[in-house]
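I opened a new page in my notebook for this one. Below are my entries, in the order I looked things up.

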Amino acid sequence: MDWLNNLIFQSSAANSILVLAFVICAGLVLGKIKVAGVGIGVAWILFAGIIIGHFGLQIPANVLAFVKDFGLILFVCSIGLQVGPSFFSLFRASGVKLNLLAAVIVFSGVAVTVAFIFCCSVPSEVLVGIMSGAVTNTPALGAASQTFADTVGRENPNIALGYAAAYPMGVLGVIGSMMLFGILFRKFIGNAAFEDCTKLEKISG
């Protein structure tokens, strides 16, 4: 049984793979849970990682750095492959408006973060992580971490800590907002009109 003890508790490549696989599988299983028809899907993987890390299961820093960069690459690549076929047609149709709206949202978040930097005693790197987590923007986390490492010469775990602290509220906030908007639209425009809008959205989307 020594091999099993070493596999679970000793720091090694096999142990790192085991921990990562367990976190991913636990997150995927929990992601199937829905409350009132609403679930958060793969976001549970982050929560599973936070819980597992709380109980002391860790992987070496060099392995973690590789997995973090490689995972971010796969994430961005998968997003590109997913939206690529319809990107240019949507960009020609309403790309300018949507990009302007996205820019307004991003700069609004930056403005709020800068305001908190001057108004509060919270370190700026933590607030940058919180901003990335609040809008569930994982590439922003990667860019902030890499920029800090390139500027200072070392990584700062507080950026990821702020991201992890704000991410759950970012996910639940979006879900809650959509549910609230659904209730308000049903109230002000009526159930029939709301269902027609929903059908039209499904047909067009």
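**Notebook: helices and a few residues**

I started with Ile 50, which lies in helix 3. I'm working from a predicted model here.

Next I asked myself: is Ile 50 buried, partly exposed or exposed? Its relative accessibility is 37%. Buried would need under 20% and exposed over 50%, so Ile 50 counts as partly exposed.

I then looked along the chain from Ile 50. Ala 164 is 114 residues away in sequence, yet the two C-alpha atoms are separated by 7.8 Å.

**The whole chain**

I found eight helices and zero strands in the chain, and reading along the sequence gives me α-α-α-α-α-α-α-α.

How much of the chain counts as buried? I noted 18% of the 205 residues. The accessible surface comes to about 14,600 Å², and carbon and sulfur atoms hold 73% of that.

I also checked contacts between residues at least 6 apart in sequence: 55% of them join residues at least 24 apart.

**Helix 2 against helix 3**

Back to helix 3 (residues 44–54), this time with helix 2 (residues 13–31). Their axes come within 7 Å and cross at roughly 130 degrees. The crossing of helix 2 past helix 3 is right-handed.

Which residues meet there? From helix 2 I listed Phe 22, Val 23, Ile 24, Ala 26, Gly 27, Leu 28, Leu 30 and Gly 31. From helix 3 they meet Trp 44, Ile 45, Ala 48, Gly 49 and Ile 52. Sorted by class, this contact has ten nonpolar residues, three polar ones and no charged ones.

A reminder to myself: an α-helix has 3.6 residues a turn, so residues three or four places apart point the same way.

**A closer look at Ile 24**

I picked Ile 24 out of helix 2. Its relative accessible area is 40%, between the 20% and 50% cut-offs, so Ile 24 is partly exposed.

**Helix 5**

My last stop was helix 5 (residues 124–134). Which of its residues are buried? I noted Glu 125, Val 126, Leu 127, Gly 129, Ser 132 and Gly 133. Just after helix 5, I saw that Thr 136 takes a positive phi of about 50 degrees.

How values were computed
Residues numbered from 1 in each chain as written. Predicted model: local features only at pLDDT ≥ 70, side-chain atom pairs only at ≥ 80, totals over all residues. Heavy atoms only, no water. Helix = DSSP H or I, 4+ residues; strand = E, 2+ residues; numbered from the N terminus. Buried < 20%, exposed > 50% of the residue type's maximum accessible area, 1.4 Å probe, protein only. Contact = heavy atoms within 4.5 Å. Areas by Shrake-Rupley, 256 points an atom, 1.4 Å probe, with all protein chains shown as cover. Axes fitted to C-alpha atoms, helices over the stretch in contact; angles between N-to-C directions. Left-handed = near helix turned anticlockwise from the far one by under 90°. Nonpolar A, V, L, I, M, F, W, Y, C, P; charged D, E, K, R; others polar.
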